[in-house]
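Dear colleague,

I am passing a structure on to you, and below it I have set down what I found when going through it. Please read the notes alongside the coordinates.

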Amino acid sequence: MNFCRQLLRVGAAALLLCLAPTARAQPSPRVRVLALLATGRATVDTDTAASRRAAQQAYALARAAGLDTLAVRAQVCIGMSATKAPGREAWAMVHLQAARVEARRLGLTDELARTYYGQGCVEGNRHQFAASESALLTGLGLWRQLGNAQGMINVYNELGMSSRSAGRYPEAMRAHFKALRLADSTHDERSQIMALRNMGSLSQMLDDMPSAVTYTDRALKLLLAQPRRDTIALVGTEAALGLFLQEQNRYPLARQHLLAGIRLGEHLRSPAARVQLGYLVYGLGEIAYEQHDYPASLTYYQRAERLFGQTAQPTSQVSALNGLALAQQRLGQSGAALRSARQALAISIGLKSPYNLAGTYGDFAALSAMQHDYAAAYRYQLRNQELNDSLLMADKARELTALNARYQAEQKETQIKLLRGQAALQQADARWQHGTRNLFGLALLLALAAGGTFYHRYRLQRRTSEQLTLAQQQAQARNQELELVQQQLRRSLGDKEVLLKEVHHRVKNNLQIVSSLLALQAHAQAKLPDVVGALREGQNWVKSIALAHELLYQAEDLAQVDFQQFAEQLAKHLRSAFAVPTARVVVQATGIRLGTDTAVPLGLIVNELLSNSFKYACAGGRACTVTVTLIEVPVTGYYRLTMADDGPGLPTGFVLAQASSLGLRLVQSLAQQLGGEAYLSAPGRSGTEVVITFPVLQ
């Protein structure tokens, strides 16, 4: 019996010895928490549910093991994963605020900054843009103190997204550019790709398609060069580049990128991948619609709308619904088209985004035009224009507020300098009084001695002074009257300037509506290429006139247009309209300002000659350069406009005065209207150069 007990004890000891190495091989709670945190942070953008589960497990384990610092990090990770999940904003804020309290107590500056960054993301999702910006800037300041470049990059990108959603596009571009510059300096390719993608999509919103393609193509090349490729990011970048190329009417290349993205992403099941798949399918729908394959576009739009709805992407869902409505109308499904358009409008109103709402009203206008309801098309186009103008005026108001704040600061600084100067004068005066006090007695004796001598002179000076005072009072009264008259004149001038700006603004708006109606009519007559071409040409003429008035009401000088700016913006519009990204336009007209009587006809001339260069010199995707030069010829009192391209040129023996095309006849007529003439400088030579000379109007 004793032997059996001893044998059992030996066996138990041996068993413990066998199990002891296994127990020692178990990772510590700290290692397990760090591994869970790494998983949570790695999946926060691609699988929010998995990220949240890992962070919750890390938090529970850290609390149980008394690892306070890691518990704070885990709670921040829980909050950040919730910011990416629609409808969980309140839950995210609970965890972020609790983590903030603990981070302050423990002195964890990096985690404290993360809580403010997370709050900024939540407020941005709620469209509380002022609160979002405030929280993000607080986080930026904390990360700047730590020298945390990655944190600063994240804040700049989120600031850009928030400003974009609020319609403040210049601020958004500046924020994304700061993120890119910081990422370039740290050679952080992942952050470079994120900033480039953001800049590309923002350029697209600003109708700067060449820049959108350039930024996105650079992001794609960085992704393809990485040893371990991020498939989801690749799918999204292929989708963006395909959509941007589609907007430039470069359909074969666009389709190539969209199909490449679908091949990469069709087997992925994460929510982020499904969103990108929606963009790819939507892009194919856009191409099919533009190529008049309406049944195929209908199928693509329906699939894209389902994907965006399933992944809670309301902004993209609006775009898909708008496309679906237009395709349904083309197929004669008027009732279904109206339902899709109304659903898009309801979602846009709920988003409270001026950009999305303006786009939806524009699509409503196109739908109404296809239904031949031109009164409704006009109303919706007017609402679209009003929203776009409100975005512009909001930007102007913010600029004025910033300038006023700067002015007030300068005024306060001037007052401080003045007070300091007065204090220095008082000190000098005190020193002077102290220095002369000992000489006062002697001066008094001298004054008494000289008093009798100067008494008579004093009486004479007093009478003279009284006469001068009376004359001065009369002059002051006259000055006050003149000042009153000047104030009245200034008020009157200010009222007239405001009225004149309003006139230019309304003229521009009305011309923009005419241009939009021409575009809608061209859209409705898509099966008649000759009609569409004539309407597009008329639309470009109207656009050039509207641009002159737009520059006038935005400028300080209401009487003159900066021709350099005018020609550059006109060239940008035409290059986009003719879809010639390979064209390069060089404008040389620095410092030349023209009145509207000269700027409008000259703008129409530039419009016509640029259009010809884009049609013929840049035909077939050929790289071409067009130069626009305007100079004032010394002594002669004439301007000389030279338009030159490096295309195939005009046929030998061509005479401009005998041209039969409407455009070239218009150029000659407008040159005569300016009191000048138009001629070819070197006919029959490679390239085309047209010169217009006209007198300077005083």
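The protein chain averages a pLDDT of 75, and 68% of the residues score at least 70. Over residues 1-24 the pLDDT is below 50, and this stretch has zero contacts in the model once near neighbours in sequence are set aside. Residues 396-407 also stay under 50 in pLDDT, although for that segment the model has four contacts beyond four places in sequence. Where pLDDT is low, the predicted coordinates should not be read in detail.

As to overall content, the protein chain holds 24 helices and seven strands, and of its 698 residues 43% are buried.

On the side of helix 8 the contact is made by Gln150, Ile153, Asn157, Met161 and Arg164, which meet Arg190, Ser191, Met194, Ala195, Asn198, Ser201, Leu202 and Met205 in helix 10. The residues of this contact divide into six nonpolar, five polar and two charged.

Two residues within helices also deserve a mention. Glu111, in helix 6 (residues 109-125), has a relative accessibility of 5% and therefore counts as buried, the cut-off being under 20%. Not counting residues up to four places away in sequence, Glu111 touches Arg41, Val72, Arg73, Val76 and Ala103. The C-alpha atoms of Glu111 and Arg100, which are 11 residues apart along the chain, are separated by 7.7 Å.

Gln328, for its part, lies in helix 16 (residues 314-330), and at 6% relative accessibility Gln328 counts as buried by that cut-off of under 20%. Leaving aside neighbours within four places in sequence, Gln328 is in contact with Leu298, Gln333, Ala336, Ala337 and Ser340.

Notes. Residues are numbered from 1 along each chain as its sequence is written. This is a predicted model: local features need pLDDT of at least 70, side-chain atom pairs count only at pLDDT 80 or more; totals for chains, interfaces and linings use all residues. Side-chain values use heavy atoms; hydrogens and water are left out. Helices (H or I, at least four residues) and strands (E, at least two) are DSSP runs, numbered from the N terminus. Buried means under 20% relative accessible area, exposed over 50%, partly exposed in between (1.4 Å probe, protein chains only). Contact means heavy atoms within 4.5 Å. Ala, Val, Leu, Ile, Met, Phe, Trp, Tyr, Cys and Pro count as nonpolar, Asp, Glu, Lys and Arg as charged, and the others, Gly among them, as polar. pLDDT is the predictor's confidence in each residue, from 0 to 100.
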